[in-house]
Amino acid sequence: MPAAVHPFDSARDYEIRLATKLVKDAHQASDNVHFVQVDRCDPPKKDMIRYLEAERHGGDFPRIPRVFYCYYYTNTLTFNKALVNVTAGHIITKTPCSRAHCLAHPAVIAEAEKLNLPKDCKVITDPWIYATDDPKEKRPLLQFFMYIQANNGHTESNHYSLPLKFSPVFEAYTKKFVRMDFLPSGYDGTVTPTQAWKRSKPAEYHPDLNGESLRDVKPLLVNQPEGPSFTMEGSKVKWLSWEFRVATTAREGFVLYDGWFKGRQVFYRISLSEMTVPYADPRAPYHRKQAFDLGDAGFGVTGNSLKLGCDCLGVIKYLDGMFTGGNGEPSVMPSTVCMHEQDDGILYKHMNYRTQNSVVARRREFVVQTIATVANYEYALNFKFVNDGSIDLEVRATGILSTMPIDDNMTVPWGTVVAENCMAAYHQHILSFRIDPAVDGHKNSVCYDDVVKMPRDKNNQYGNGFITERTFVEKAGSVKQSPFTNRAYKIINENVKNPISMSNVGYKVEMPARQMIISDPDTYNVTRAKFATEQLWVTKYGDNQLFAAGEFTNQSQTDTGLGVWANGTDDVRNEDCVVWPTLSFTHIPRVEDFPVMPVEKHSIHLVPFNFFDKNPGMDLPQANNNFNKSTLANVGLDENKACCKSTL
């Protein structure tokens, strides 16, 4: 019999309570167990394949226990990881030092008093992961960057536009003050003592404060009078020949499992695995600014509570996340994932110029979205299933730039002045996605095709011929970019032939060539994030090998993920392999990115490549206005109406 809770289902609150209770019971009360993160573990894949086979075709279900990991500290500053069978135990993580403690410390108060702030302003702070620059430093540390909040302490006033020049460092768990760093504000690393604040005008983004007159925007409604085309039972989603499962997680935000299209398997598991954000400011202590937004923070625990009519439009299905407090008590984070359909223009069209008759079908997407706020930045993660069998993995970056103080009339070559005495440093966002493919089965290969000229011979007398040359990835490792040969990465099944093309069935991984991490190879920026050095990696599947930079990134010194698994020795051809595409964008801030940044979109496309015997969208209904109910705009000249008429 199938389990009451599916092995792929999101964590339940009662499971978290049991897991944390078992951990606390294994310690003395004086150990003062403090939990950082608790969530379910993925079940072993070999067991899940048997389970999914029984689910789809019948048969005996293997018993698969729900296993949870617990990351926690004790009062000895020992970082622990426990694996709990929701009947047993074993333990690790990071714990945030509270903002209130930082602001109340005498050393911080003393610096703040030197500012002589007016009564309508106050000092506030953002905690940052300390990163690494000393191999001997083993304490869990936090660096606090300080700002001024103006406008009578209005809660939405943009403090990032008023950065300060002092930055305290604390031990994360004990809250012990370590030192006060003073921040440079010129071209070199020179620092100056804290002085009375020269009042600057904040660059405000909130409508209550920005002074902008609103444009006249008419409502644009997404109406689905007959309801949506998707259904959901438990964690399983069905939509226009797609079916898959979705679960919320503390670290990745959400994970997709067991994806099929038109009765054929496409993937076993897809998720965003890691993101690192190294900054280009070479001055201490900014040289340590390198966030790992999933490993250090977690897209699930920083997920927004999404709102109807704001973050998603149309008929929406929401999923709740789960947060575990330091005491081990779970709490629901409402609506951290939204799912909905949206139109995306035409999928295909052809007009027969002889008869003037057209065929046209519309491209529709099913979107699974979460939005994480990691301190100043927002990331909208959208996985889009398309009605032609393709999948888009899209990230939209927005929010507020991380800023530094800068002196009057000063510029620096590694940043952009975006407001008065406010600079935003150049930086990179480098994201690793994890694709566990199952293209017509779990034995897959990764190859890349280059487009090359044919030799000038009797078969190419006129010199216009070109062909593709295929190279297989034989061993675990990476693939170099080659944009000038139009290099295309593919996941194929060498055991299944397409009856039309006579080539192997597959999916193409489409992404533009991008600049990878710029830091020197011997820097911590690189040694902690080997995944950021290449655009595509292939490894042999291993249980619990989920995170590109390793399980623990907080103040890490080496990459224990792809830096270990992409070992150059494991066979990956015609094996159970995992594909890790790297999406990178180098952000050179512009003034228009402040005080809040318009979204910047980047995506990876997974496209069927000789997977079907024809266009898989041929069974979609033809677009017509009885169905879509568009109307003519009551603007412009009446004679323009004639050109808008259509029989479709």
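**Strands, a disulfide and a few residues under questioning**

Colleague: Let's start with a pair in the sheet: which residue in β30 stands opposite Glu510?

Modeller: Glu510 has His605 of β30 across from it. Keep in mind that this is a predicted model, in which local features need pLDDT of at least 70 and side-chain atom pairs count only at pLDDT 80 or more, while totals for chains, interfaces and linings use all residues. Residues are numbered from 1 along each chain as its sequence is written, and side-chain values use heavy atoms, with hydrogens and water left out.

Colleague: How do you know that β27 and β30 pair?

Modeller: Two strands pair if DSSP finds at least two bridges between them. Strand β27 and strand β30 (residues 597–609) are joined by 5 bridges and run antiparallel, so they meet that requirement. The strands themselves are DSSP runs of E with at least two residues, helices are runs of H or I with at least four, and both are numbered from the N terminus.

Colleague: In what sense does β26 pair with β27, and over how many bridges?

Modeller: Strand β26 (residues 488–497) pairs with β27 in the antiparallel sense, over 6 bridges. One example is Ile491, whose bridge partner in β27 is Tyr507. The hairpin of these strands has 6 residues between them, and there Met502 takes a positive phi near 65°.

Colleague: What makes β27 mostly covered?

Modeller: Of the 7 residues in β27 (residues 504–510), 6 are buried. Buried means under 20% relative accessible area, exposed means over 50%, and partly exposed is in between, using a 1.4 Å probe and protein chains only.

Colleague: Why is Tyr377 called buried?

Modeller: Its relative accessible area is 3%, so Tyr377 counts as buried. Tyr377 belongs to strand β17 (residues 377–386). Beyond four places in sequence, its contacts (heavy atoms within 4.5 Å) include Tyr279, His427, His429 and His587.

Colleague: What feature does UniProt place at Tyr377?

Modeller: The unreviewed UniProt entry gives "modified residue: 2',4',5'-topaquinone" at Tyr377. UniProt positions follow the numbering used here, feature names are shortened, and annotations may be inferred rather than shown by experiment.

Colleague: How do you know that a disulfide joins Cys312 to Cys338?

Modeller: A disulfide is a pair of cysteine sulfur atoms within 2.5 Å. The S to S distance for Cys312 and Cys338 is 2.1 Å, so this pair qualifies. A search of the whole structure finds 1 disulfide.

Colleague: Why is the disulfide of Cys312 and Cys338 called left-handed?

Modeller: The torsion about its S-S bond is about -90°, and therefore the disulfide of Cys312 and Cys338 is left-handed. Cys312 lies in the loop between α5 (293–297) and β14 (317–324), and Cys338 in strand β15 (residues 330–352), so the pair ties together parts 26 residues apart in sequence. Cys312 is buried at 2% relative accessible area, and Cys338 is buried too, at 0%.

Colleague: How far from Cys310 is the nearest cysteine sulfur?

Modeller: For Cys310 that sulfur belongs to Cys312 and is 9.2 Å away, and Cys310 is in no disulfide. Cys310 has 58% relative accessibility, so Cys310 counts as exposed. Cys447 is also in no disulfide, with the nearest cysteine sulfur, that of Cys577, 11 Å away. Cys447 is buried at 1% relative accessibility.

Colleague: With which side chain does the side chain of Ser445 make a polar contact?

Modeller: The partner is the side chain of Glu494, at 2.7 Å from that of Ser445. A polar contact is a pair of N or O atoms within 3.5 Å; within protein, one must be able to donate a hydrogen and the other to accept it, and residues adjacent in sequence count only if both atoms are side-chain atoms. Ser445 sits in strand β23 (residues 445–453), and at 0% relative accessibility Ser445 is buried.

Colleague: What makes Ser478 partly exposed?

Modeller: Its relative accessibility is 35%, so Ser478 counts as partly exposed. Ser478 is in strand β25 (residues 477–479).

Colleague: What is the mean pLDDT of the protein?

Modeller: The mean is 93, and 96% of the residues reach 70 or more. This pLDDT is the predictor's confidence in each residue, from 0 to 100. Residues 89–96 stay under 50, yet the model has 47 contacts for them beyond four places in sequence. Residues 642–648 are also below 50, with 6 contacts beyond near neighbours in sequence.
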